Amino acid sequence: MFNRALRRFAAPKGFRSFAKMPSSAAEWKKVLTTPAPGAPPSKGSKYAGMTVNAAYNLGALEETRKDFKYLGQVFKDPRTIMAVKNGKGSTSDFVNDMNVMYQASQASKDELKKLESAEKAAVVKALGKYSALGPLTSQLLGSYKDEGVLEQLPAIASEVEMLIGKVLKEVNVEIVAAAPLTDKQKAQILSVIQKYVASDAKLLLTEKVDTSLIAGFQLLIEDRFVDLSAKKSLDNLMSKVAL
């Protein structure tokens with residue numbers, strides 16, 4: 001597995017580097033299979049688990065997370081899969097093209113429009129000022145292609161996001177309130193939640209407003225739901241008095 005990850009690609013301009021990349025099969029096996037602390041066993045794709053293991057062991061969690069969010073979206077488009085299937089270049093060509101696509105995603109519409117009629121070499125040179133995919137991502141992309149699992153990338157990327165969140169001890173908290181909450185109210189709610197999670201957990205808050213709740217709020221803490229809205233109280237009351 002991940003045979004392509006054992007080969008080395010020439011670093012394109014804009015290449016992001018972090019830790020030293022493995023240089024042997026034994027080193028690759030170690031970074032791919034040594035579990036990242038806090039990450040539960042992968043329930044979907046074995047590729048997601050090994051990707052997160054490697055990202056953690058190479059000190060590249062945030063870089064890999066960013067790259068896979070991008071790749072997950074790109075490979076949802078069937079045109080991307082079709083282009084890869086119809087491509088006649090080598091795996092290295094594919095990886096380099098994906099790097100150029102990533103760099104292009106950072107350019108403005110006006111800049112891309114100016115490059116529409118330019119030769120490929122000129123386009124690559126012009127986009128070289130933007131960051132390329134991380135070295136680990138580039139290595140794994142080639143391996144995914146060789147393994148024939150590029151169509152699974154959206155699912156892999158989704159699981160990579162979940163696993164990295166676990167490694168970083170992130171807890172997703174969604175508050176749905178009847179009216180916008182003040183900063184003080186949000187801080188009070190989060191301070192209570194913090195007592196029931198790991199002391200070093202990082203709470204990630206998202207907010208929504210739903211006026212149908214009448215008053216109060218609902219909480220979704222990862223997969224745990226707490227309803228403290230007036231609507232629930234009213235519904236409970238009406239269920240008892242309904243004829």
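**Terms and values**

Tutor: The protein chain has an accessible surface of about 14,200 Å², and 56% of that belongs to carbon and sulfur atoms. Such areas come from the Shrake-Rupley method with a 1.4 Å probe; for residues, only the protein chains shown count as cover. This is a predicted model, where local features need pLDDT of at least 70, side-chain atom pairs count only at pLDDT 80 or more, and totals for chains, interfaces and linings use all residues. Residues are numbered from 1 along each chain as its sequence is written, and side-chain values use heavy atoms, with hydrogens and water left out.

Student: What makes a residue buried, and what share of the protein chain is buried?
Tutor: Buried means under 20% relative accessible area (1.4 Å probe, protein chains only). Of the 243 residues in the protein chain, 40% are buried.

Student: Why are β3 and β4 called paired strands?
Tutor: Strands are DSSP runs of E with at least two residues, numbered from the N terminus. Two of them pair if DSSP finds at least two bridges between them. β3 (residues 216–221) and β4 (residues 224–229) have six bridges in the antiparallel sense, so they pair by that definition. Phe217 stands opposite Leu228 in β4.

Student: What lies between β3 and β4 in the hairpin?
Tutor: Two residues lie between them, and Glu222 in the turn has a positive phi of about 55°.

Student: Which helices each supply at least two residues of the lining of the largest pocket?
Tutor: α4 (78–86) and α5 (91–104) do; helices are DSSP runs of H or I with at least four residues. The largest share, five residues, comes from α5.

Note on methods: Buried means under 20% relative accessible area, exposed over 50%, partly exposed in between (1.4 Å probe, protein chains only).
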